[in-house]
Amino acid sequence: AQLRGSLISVSRDQQHLITFASNTYLYDLSGQQIAQLEGQFRDLGLDDQHLITHSYGGNISRLYDFSGRLIAQFSGEFVDFSPDGLGLFTNFCADGNSCLFDLTGNEVAQFQGWLSDFSPDGQHLLTTTENTSYLYSLSGELIGQYEGGRGAFSADGQHFLTSRFEEDTLYVYDRFGNQVDQLQGQLAILVPDQPQVITYSEHHGVSYLYDLSDD
């Protein structure tokens, strides 16, 4: 069979092929085209029954099922599904902000900045602008605003970190938003399953390993 465009994904049940050439195309395993979808493929749905596309023209994300039926559309560029699987996040949905939608396309909450990370327990999220991070509950309640961008949670969820590139500095906050440390370098790696972080200092050309449990 000959498929239009380049192969970019296979459904998790391995019954569908997804290709892209200006738009997204769905095929079955025999090479029969099922549907042409508007936009560029972004991700598979968590339930294995749906997929997400995004169109830069108009800045719209769309949720389709594998028959090609449009389920809902969302303002902004798809970033991720919510930790509870009941919604999805887009960036740049309004004035450079991020938004949470339910899967029928209704806006649930709007957040300042763009989505950066979810807490391990799925109850909080960090958004960021260039040099400011914001801690929110999943429902959209602003908990605090913090110095530094590129926010990320530690593996154990007890800390979150932000950084300022021009200062070569990493800020460490506890889960309540209190600053507990200031480290050398930029965030490079959060060690999986360990309360540790590796930073890299471009100014000094060295990396550092820190143990966050010492705070």
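Thr 19 has Tyr 25 in β3 as its bridge partner. This is a predicted model, in which local features need pLDDT of at least 70 and side-chain atom pairs count only at pLDDT 80 or more, while totals for chains, interfaces and linings use all residues. Residues are numbered from 1 along each chain as its sequence is written, and side-chain values use heavy atoms, with hydrogens and water left out.

**Sheet**
- Six bridges join β2 (residues 16-21) to β3 (residues 23-28) in the antiparallel sense; strands are DSSP runs of E with at least two residues, numbered from the N terminus, and two strands pair if DSSP finds at least two bridges between them.
- The order β1-β2-β3-β4 describes an open sheet of four strands with antiparallel pairing.
- β1 (6-10) and β4 (33-37) are the edge strands, each with a single partner strand, so one side of each has no neighbour in the sheet.

**Residue Gly 144**
- Gly 144 belongs to strand β16 (residues 142-147).
- Its relative accessibility is 12%, so Gly 144 counts as buried (under 20% relative accessible area, with a 1.4 Å probe and protein chains only).
- Apart from neighbours within four places in sequence, Gly 144 contacts Ser 133, Tyr 134 and Leu 135 (heavy atoms within 4.5 Å).
- Leu 126 is 18 residues from Gly 144 in sequence, and their C-alpha atoms are 9.9 Å apart.

How values were computed: Buried < 20%, exposed > 50% of the residue type's maximum accessible area, 1.4 Å probe, protein only.
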